[in-house]
Amino acid sequence: MGSIPVGATFTFYGMKEIFYAYILKSLSYDYFYKGHCKNLEQRLKQHNSGQTKSIRPYIPFKIVYFEEFESLSEAIQREKFFKSSTGRRFLKEKLTK
């Protein structure tokens, strides 16, 4: 049997869901995309395969920043923050270090 990873959290029904607010950077342009999702790796693959029509011209992307949340609503709120002027300043400072 496998071992439980250090820091793993569980509920009575199994592992807790984790949601993400994330920032992608285009590898070809000076363009950042802000979003939220449940599966970060799968979502990056969707973006880079052109499944998100609005950002298709900017592919490929890499993940440059993300935060984890226990609820979808928290991840959505953080995405909204990233899209605000205060959030853009926060990201600029965070991503230029």
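The views below are taken from a predicted model.

**View 1. Strand S3 pairs with S5 in the antiparallel sense.** The pairing of S3 and S5 is antiparallel and extends over eight bridges. Strand S3 covers residues 19-26, and strand S5 covers residues 61-69.

View 2. Lys25, for its part, stands opposite Phe32 in S4.

**View 3. Strand S3 is covered on both faces.** On one side of S3 lie Phe19, Ala21, Ile23 and Lys25, and on the other lie Tyr20, Tyr22, Leu24 and Ser26; all of them are buried. Because eight of the eight residues of S3 are buried, the strand is largely enclosed by the rest of the structure. For the protein as a whole, 29% of the 97 residues count as buried.

**View 4. Leu27 lies in the loop between S3 and S4.** Is Leu27 buried or exposed? Leu27 has a relative accessible area of 53%, and exposed means over 50%, so Leu27 is exposed. Leaving aside residues up to four places away in sequence, Leu27 touches Pro60, Phe61 and Lys62. Leu27 and Ile59 are 32 residues apart along the chain, and their C-alpha atoms are separated by 7.1 Å.

**View 5. Helix H1 has buried residues on one side.** Helix H1 spans residues 40-48, and its buried residues are Leu40, Arg43, Leu44 and His47. These residues cover an arc of only 100 degrees around the axis, which means that they are on the same side of H1. Glu41 and Lys45, on the other side of H1, are exposed. The cover over the buried residues of H1 includes strands S3, S4 and S5.

**View 6. The start of helix H1 and the residue that follows the helix.** At the start of H1, a side-chain oxygen of Asn39 comes to within 3.3 Å of the backbone nitrogen of Glu41. Gly50 follows H1 and has a positive phi, near 85 degrees.

**View 7. The whole protein, for orientation.** The protein has three helices and five strands. Along the sequence, these elements follow the pattern β-β-β-β-α-β-α-α. Among contacts with a separation of 6 or more, 54% come from residues 24 or more positions apart. The accessible surface is about 7100 Å², and 55% of this surface belongs to carbon and sulfur atoms.

Definitions and conventions: Residues are numbered from 1 along each chain as its sequence is written. This is a predicted model: local features need pLDDT of at least 70, side-chain atom pairs count only at pLDDT 80 or more; totals for chains, interfaces and linings use all residues. Side-chain values use heavy atoms; hydrogens and water are left out. Helices (H or I, at least four residues) and strands (E, at least two) are DSSP runs, numbered from the N terminus. Buried means under 20% relative accessible area, exposed over 50%, partly exposed in between (1.4 Å probe, protein chains only). Contact means heavy atoms within 4.5 Å. Accessible areas come from the Shrake-Rupley method with a 1.4 Å probe; for residues, only the protein chains shown count as cover. The arc is that of the directions from the helix axis to the C-beta atoms. A polar contact is a pair of N or O atoms within 3.5 Å; within protein, one must be able to donate a hydrogen and the other to accept it, and residues adjacent in sequence count only if both atoms are side-chain atoms. Two strands pair if DSSP finds at least two bridges between them.
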